[in-house]
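Have the viewer open and follow along.

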Amino acid sequence: MFETIDQIFVLIKHWLLGYVPGMAQPLISAILSVVPVVIAFPLLFAITTVLERKGLGRMQNRYGPNRTGWFGILQPMADGIKSLTKEDIVPRTADQLVHFLAPVVMVIASFLVYAVVPLGRNMVIADLNAGVLFFFAIGSMVELSVFMAGWSSHSKYSLLGAMRAIAQMISYEMPLVLASVVVIMAAGSLSTVTIVNMQAGYTGIWPHWYVFTPWGITGFIIFMIAATAESNRCPFDMPEGESEIIAGYFIEYSGFKFALFFLAEYLGMFATSAMAITFFLGGWAAPFSFLTWIPSYVWFFGKLLTIICAFIWVRGTLPRLRMDQLMNFAWKFMLPLSLINIVGAGIWHFMPAGFTRWGVVSLLILLSCVLLSRGLRRNKWFHVRTYRFAS
Amino acid sequence: MLGEGIVKGLAETARNFFGSYVNKERLTTVQFPEERLPQIEATRDFPFLVYDGTDPEPGLRCVACQICEKECPPKCIYIVKSADKKPDATGKAQFYPAQFDIDISVCMSCQICVEVCPFDAIKMDVEFEMSSEDRFGGLLLDKYKLAKSNEYYNKIHPTEAGAVDAALAEERAKAKLAAEAKAKKDAEVAAAKAAAAAAPPPPDATPALAAETPAPAVATASGETK
């Protein structure tokens, strides 16, 4: 019974495929896998915008949107209709083709990464044996489209915004990938499905999630911080700065293209969150062995929503970083720590199981964390700026 | 330790988040169309015309002197003076505005028209929900739209209206006294003339002199009011 509910979507797909002639089956199968994902995640985006606006409002002791529909839940509909009916303005000097392609590429890239995300048991569009690699490769296509948008707009604000975004995204791509390396080391596979399966076991009632190891929790925190920066969210929202570069790289976009950028940004956030779940939080696996009767996709989306709420919480709390703080943090703290974390994961692997390896690896990571944070702090000397003029 | 302040901040926002669901006092937002804050007495935005009594047509205090029209900095007032005179609220024959338009899309709410009006005929309103689908006609208020009763004025600005009413009452009482005195004097003069016409030898000048004394008061009162 529980097995049927858990596999309901897989069973429905196979039942539908039974009516399709054999030759068309691969194509129909792909469409049947892709369409629900393409529908589900934009819906999640709509829900998230409401959640975010209401959550942020509550954190600032406001109501948030509460006029459209019941408690404002139709707000995304209103926003969507508004952006669809707005005029699509393209600057006269813009590179028309690239200007048009940038949001399209961004949305395509954002959707492509969902191909390797296991949404539930046996629920993955493509179980690639290099799934993690695919994810990061496609993920960096977003940077390309950001630069396309910034360059083709032919506006100094969008160009500066794009440069900032690129600098930030490339800097944080490094710790993002290195933080996930520990998981690849532990699982011994680049396939996301295998990584989740490795974590789906239980000792007593406790799950085998990688987050419950010293290198796992460090990797998870680094991954989440880097994911925040990767998706241009507060406190790393330097590419958008009302006071200095207005909306950043998509300043020259209006109407639905703007909405597409917005959508892609959120889809990217969901994708990296989904990857964090896959790598560290056991994917679709239940948190306790006695809760395995709840369908796997419920667990996956529950974890996803939890992470989204955490993102909103952080956005409601932290002020923005300065560009130099951002870069210092990426290169002087996150990158060394993630490298040390890899060493820690190696030590963990070769030491016998028990409290000793817990102690050793935790000590290594904590010590390096403290030292690195000290280094970040000491670096705060300010001096009078001297201007040198061209003679 | 790195991240201590972040944890503190997260705790603070979490407290706000849950607190706003428990404690209504945290939410200071007023849900506007349904609930409104009471207006403070000094609220003012656009001018309106005050009329005495119940009917705006005769009761309008405005006598179309056109001072406000001349003083208005953005020139949003347009007045056409009447050709004839009609009795105002006190019964005195006055000019009246045949047309009095204020374009509130031009008005900058500076209140200069109110300051310069010698008749307390134009005052500032508190009505602000004046949006219209017709941006030309809908925002051009004619004298029927502008006319509002003195009771309304007393309701929106009680203190100011009270002072204006007291001053007006005093002035009108004075004017009435003066008018009565003038009427009396006129009557006496007429009587004296009649008497003089009837009896050629003049009796004496005392009644005429006695009637002469309130005459300066008449002059000042009439100069002040109308």
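Ser338(A) counts as buried, at 1% relative accessibility; buried here means under 20% relative accessible area, exposed over 50%, and partly exposed in between (1.4 Å probe, protein chains only). You'll find Ser338(A) in helix 13 of chain A, residues 323-350. Helices (H or I, at least four residues) and strands (E, at least two) are DSSP runs, numbered from the N terminus. Which residues does Ser338(A) touch, not counting those up to four places away in sequence? They are Pro175(A), Leu178(A), Ala179(A) and Ile222(A), where contact means heavy atoms within 4.5 Å.

A quick word on the ground rules. This is a predicted model, with local features needing pLDDT of at least 70 and side-chain atom pairs counting only at pLDDT 80 or more, while totals for chains, interfaces and linings use all residues. Residues are numbered from 1 along each chain as its sequence is written, chains are lettered from A in the order in which they are written, and side-chain values use heavy atoms, leaving out hydrogens and water.

Now over to chain B, which has nine helices and eight strands. Of its 226 residues, 33% count as buried. Take the contacts in chain B between residues at least 6 apart in sequence: 68% of them join residues at least 24 apart.

Finally, look at Lys81(B), in strand 2 of chain B (residues 77-81). Is Lys81(B) buried or partly exposed? Lys81(B) is partly exposed because its relative accessible area is 39%.
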